[in-house]
Number of protein chains: 2
Amino acid sequence: MFNKNSSVKSIFIVSVAFLVSSYEAAFAASDTAIMQLVPVVADKQGPVLPIQHWQTQNGASVYFVPEHQLPILDIEVLFNAGSAQEGANFGLANFTNSMIGQGARDLTADQIANRFDSLGAQFAASSGRDMAQISLRSLTEPTVLDQSLQTFTQVITQPNFATNSFGRVKNQLLQALLQEQQTPSDIADNAFYSAVYGNYPYGHSPLGTSAKIKRFTPNSLIAFYRKFYVGSNATVSIVGDISQEQAVNIAKQIVGGLPTGTSAPSLTNATYAPKEKNITIPYPSTQTFIRIGQLGISRTDPNYFPLYVGNYVLGGGVLVSRLFKEVRDQRGLTYNVTSYFIPMKTDGPFIASLQSRTSKSTEAIQVTQQVIQSFIDKGPTQAELDAAKQNIIGGFPLLLNSNAGIVDLVAMLGFYKLPLNYLDTYRTNIAAVTQSQIKEAFSKQLDPKNMVVVAVGANNGA
Amino acid sequence: MFNKNSSVKSIFIVSVAFLVSSYEAAFAASDTAIMQLVPVVADKQGPVLPIQHWQTQNGASVYFVPEHQLPILDIEVLFNAGSAQEGANFGLANFTNSMIGQGARDLTADQIANRFDSLGAQFAASSGRDMAQISLRSLTEPTVLDQSLQTFTQVITQPNFATNSFGRVKNQLLQALLQEQQTPSDIADNAFYSAVYGNYPYGHSPLGTSAKIKRFTPNSLIAFYRKFYVGSNATVSIVGDISQEQAVNIAKQIVGGLPTGTSAPSLTNATYAPKEKNITIPYPSTQTFIRIGQLGISRTDPNYFPLYVGNYVLGGGVLVSRLFKEVRDQRGLTYNVTSYFIPMKTDGPFIASLQSRTSKSTEAIQVTQQVIQSFIDKGPTQAELDAAKQNIIGGFPLLLNSNAGIVDLVAMLGFYKLPLNYLDTYRTNIAAVTQSQIKEAFSKQLDPKNMVVVAVGANNGA
């Protein structure tokens, strides 16, 4: 009835406003600062998480981790149905996913929201370039869980794409698009992706364009839904206070009613050949929003660990990274600056991101490029490398500290088809990274002279 | 570690981006469309909610509603410590509230977040013009609840305003401010409040100004915290699966450690004398964001019910209001248009809100004003009035359908010192509203010829 806190909370959504879904960013964005120093230890014997894995009859991959400390259950259903799968129908994937939960079978959007609300359950749907995501958190008290799952199942398997919901969501999307087009950080992100990827499926905003959104009909969405929301295109992750037998039944219940279908086609590899490297977009602001970067890596890149640890030193570690120290602390050119790889199904981008007073933006860009170049040339110091490893390894248990964190991790592993022992070997893999591996991986991967530089906010192209 | 969905969800925060906290907007913003037709019935005998009310020894008002259907507990702690209480220190109230949960006693922000996460508990803090709000949802399983409450208590009573959290939050606020200053809907809202309220405490954005934010020190915040985060300035609402004895102990635990202090001074009444009535702010967009309105009513205004029901007909009812039908359906001048009173401690505003293609914005403003004028002149038809009552009364049970909804309602009642039987008489009060009461109340309250009109987006002042 009234959306609690939504207006006020939006204050804190500012800092990281990239339109990628959470798993695309997991392990990618800069870590929060974990200051406690934890010794670099070998992984304990036995698996970090007892992940159980199977397939449903209609081809969905299921991952289950029993967690009995709290009487709650978290479920993530992912479909390989992000905007990378929509072809020229820009915005169709996100529009389709936005209708999930907005009407199912004979239930209206209000009725669905009220059912979840009255059960104390949390439902969410969202989508990005790689994936469409539908999630539920419910209490495990049997009556409550039964009702939550019943509604969740209907929402996933029987969306009704009702006309009035369709119109309302369309208007919301058009307004969101308008806001995106007028928000300088979004303008910068979209220009960056467009320059780096061109016509490749990652090149456009998942929101699409207003012309396309206006032209879609409920039937456009239904066709996309029928093709991509199918068993063989689904990954289901379940974490919580239930038995494996229950998990098997729940997975069968929530996605078993979908046709088997076929899994989404693999994307070809992206090539990096931007037509324009220096993109200046005038915007009437005193701050300039800057993105510097190029093509990065896929989630399964063999150099993932050297690049991840190295980037922690370069621009990932909050307050302690080279970029932060040099561009902010030494020069005072920005409030914050970060760099990250976003590993995706195919090569995601490498991005250094900052904003600066417009009068200082040219200098801020130059210094950022110099810091990147110097890092590639010389690599991290041994002290920097040790500190980075300690921070990443020390922070690892925090990733597993909550059911919500675990379901995120497991879903990411499943969706990107990483090995089931990925978490078991994670700390060992981090600890094994050497200075020379980082230097080599960065030299191979990045070329500061060949990066796209987007600046939004510079007056009159200055 | 990675903020799940935050980027993607922000898509849907677009539509109502007014920086007021939720209770200020409760019962004020347009209802979601509740289409089922429910007969107008007299209230059942007995209270709608068994609200229990008492005061702690240090003067906090406590409201408790037992709800045993789900093993969860919702707590809302409100302080009369919104931006209206910060004097010329624009942004101080919000900055202070933003530090709640960002460090307490010897806990860092990360540690607090991880504690709540690992307990499956949800913590939030936010603030608006009237109030600062701190909330918790926890499972009631004894060990979990004990730990949740222990951390919640520390967060409320022992914030540490640590230097590194202070710097981080300051940067987030500066970025949020920057975003606000570059988001046309926010620009429109702030210009509207500024014009309607001038130097009155509601006239400025709760976010404040960057000059002020930069000048605050941890000590500025500590002084504000010590003055306003005290027992006699607190309202505590508790809803969930506990006994009254537990509720008494919980209230004592979480705010009993605060000094009694003194309650915040009452605001004088606002006067309406805008210096400028037509405010055009150039903005490089194809859409113009429009706000039309003037001074409205306080939460305890005797004309609340006629104005609320009348506004449902005028611009509150989604898809069915006069403004929606006329400005959108008949003329195609906008995607959406709404009107609402925001009743506050003193007179909040009346606002009609829409956006329009810039080339049509002058026409959109004229038609909106005509619809308001016509509604004041003629009032609602009997059919419109009946439909509005049915919708509002039919939707009433949905407000009580979840613990989260109940705690919102109870907190609103407590903070604005409405009678404890407010909900018991609510439907009767709605049902009793007549056409002539609405006509009279609107004529007394509103004067379309004397309204502030803000248009953000018009090119070169066109």
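Helices (H or I, at least four residues) and strands (E, at least two) are DSSP runs, numbered from the N terminus. The structure is a predicted model, in which local features need pLDDT of at least 70 and side-chain atom pairs count only at pLDDT 80 or more, while totals for chains, interfaces and linings use all residues. Residues are numbered from 1 along each chain as its sequence is written, chains are lettered from A and ligands numbered from 1 in the order in which they are written, and side-chain values use heavy atoms, with hydrogens and water left out.

Most residues other than glycine have a negative phi. B:Phe161, although it is not a glycine, has a positive phi of about 45 degrees. This residue counts as buried because its relative accessibility is 5%, where buried means under 20% relative accessible area, exposed over 50%, and partly exposed in between (1.4 Å probe, protein chains only). In chain A, A:Arg105 is also not a glycine and has a positive phi, of about 50 degrees; A:Arg105 lies in the loop between strand E4 (103-104) and strand E5 (107-108), and counts as partly exposed because its relative accessibility is 48%.

Chain A as a whole has 17 helices and 13 strands, and 60% of its 462 residues count as buried. Among its contacts (heavy atoms within 4.5 Å) with a separation of 6 or more, 83% come from residues 24 or more positions apart. A pair of residues shows how sequence and space can be set side by side: A:Gln147 and A:Arg115 are 32 residues apart in sequence and 8.4 Å apart in space, C-alpha to C-alpha. A:Gln147 belongs to helix H5 (residues 142-157) of chain A, and its relative accessibility of 37% is why it counts as partly exposed.

Helix H13 (residues 361-378) of chain A has 18 residues and reaches 26 Å from its first C-alpha to its last, close to the 26 Å expected at 1.5 Å a residue, the expected span being 1.5 Å times one less than the number of residues. Its buried residues include A:Ala364, A:Ile365, A:Thr368, A:Val371, A:Ile372 and A:Phe375. An α-helix has 3.6 residues a turn, so residues three or four places apart point the same way. The buried residues of H13(A) pack against several elements of chain A, among them strand E10 (287-295), helix H11 (304-316) and helix H17 (435-445). After H13(A) comes A:Gly379, with a positive phi near 70 degrees.

Two packed helices are described by the angle between their axes and the distance between the axes. Axes are lines fitted to C-alpha atoms, for helices over the stretch in contact, and angles run from 0 to 180 degrees between N-to-C directions. The axes of H11(A) and H17(A) come within 9 Å and cross at roughly 90 degrees. H11(A) is therefore roughly perpendicular to H17(A), since angles under 35 degrees count as roughly parallel, over 145 as roughly antiparallel, 65 to 115 as roughly perpendicular and the rest as oblique. Residues making this contact include A:Leu307 and A:Leu314 of H11(A) and A:Ile438 and A:Phe442 of H17(A).

In chain B, the axes of helix H5 (residues 142-157) and helix H10 (residues 244-255) come within 8 Å and cross at roughly 40 degrees, which means that H5(B) is oblique to H10(B).
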